[in-house]
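Please look over the structure below. The report that follows covers confidence, strand pairing and salt bridges.

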Amino acid sequence: MKPYFGWLLAGLLLAGCASTPELNAPLATPAASVQDQAFETGGRLAVNYQGKGEVASFDWQHAPERDQLDVKTPIGNTVASLSRDRHGVTLKANGKEQYAADVETLTEATLGWPLPLSNLAWWARGHAAPGWPASYADDGRLQQQGWLIRNTQDADTRLPRRLELEREGMSIRLVFSRWQWQTEPQP
């Protein structure tokens, strides 16, 4: 199961070269008026964990109460699907399903470290996650939930372009090739 979940995570985080100008966007603590907003995105991801790297592509649909994350091989075959809603989290990979109360518990059990999926949605949009202590490194990266986080936006559209996370023995990079805000509730 771990190799398939690695693909799932790799699908979230692939690195690549940007063809449009980018700018570093300091992550700010969200104001009280900032609300969680639904979006759909996709792109590539790269994960390096204890010296071993994985790359994949991903499709991610986020809403305040649910996430659907599909991780695909570089040629487009879905290798893992992660679904989160108010009841918990389901991981489907290799013809099997695993359940947990939250993504962090499931990824800790399958990978040995917790993936903060709920907070990724905030970090990708340029905000520190609400409800978690946050500080800033000397180079301006956000420090939150054990991660050093850098957010990059497209210089023209100000849409999320790249999200880089680092912690001891691990790095994750997501490169967004498309981004669409959702204005209507998803079923």
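## Confidence

This is a predicted model. The mean pLDDT over the chain is 81, and 79% of the residues score at least 70. Residues 7-18 fall below 50, yet this stretch has 72 contacts in the model beyond near neighbours in sequence. Where pLDDT is low, the predicted coordinates should not be read in detail.

Strand E2 (residues 39-49) pairs with strand E3 (residues 52-63). The sense is antiparallel, over 11 bridges. Glu40 has Gln61 in E3 as its bridge partner. E2 and E3 form a hairpin with two residues between them. In that turn, Gln50 has a positive phi of about 50 degrees.

E3 also runs antiparallel to strand E4 (residues 66-72), joined by seven bridges. Here Ala63 is the bridge partner of Arg66 in E4.

## Salt bridges

The whole structure holds 10 salt bridges. In one of them, Arg178 meets Asp59, with the closest N and O atoms 2.5 Å apart. Arg178 lies in strand E12 (residues 170-181) and Asp59 in strand E3, so the pair ties together parts 119 residues apart in sequence. Asp59 is buried, at 18% relative accessible area. Arg178 is partly exposed, at 37%.

Glu164 forms a salt bridge with Arg150, the closest N and O atoms being 3.9 Å apart. Glu164 sits in strand E11 (residues 160-167) and Arg150 in strand E10 (residues 147-154). Shared partners join Asp139, Arg141, Arg150, Arg162, Glu164 and Glu166 into one salt-bridge network.

How values were computed. Residues are numbered from 1 along each chain as its sequence is written. This is a predicted model: local features need pLDDT of at least 70, side-chain atom pairs count only at pLDDT 80 or more; totals for chains, interfaces and linings use all residues. Side-chain values use heavy atoms; hydrogens and water are left out. Two strands pair if DSSP finds at least two bridges between them. Helices (H or I, at least four residues) and strands (E, at least two) are DSSP runs, numbered from the N terminus. pLDDT is the predictor's confidence in each residue, from 0 to 100. Contact means heavy atoms within 4.5 Å. A salt bridge is a side-chain nitrogen of Lys or Arg within 4 Å of a carboxyl oxygen of Asp or Glu. Buried means under 20% relative accessible area, exposed over 50%, partly exposed in between (1.4 Å probe, protein chains only).
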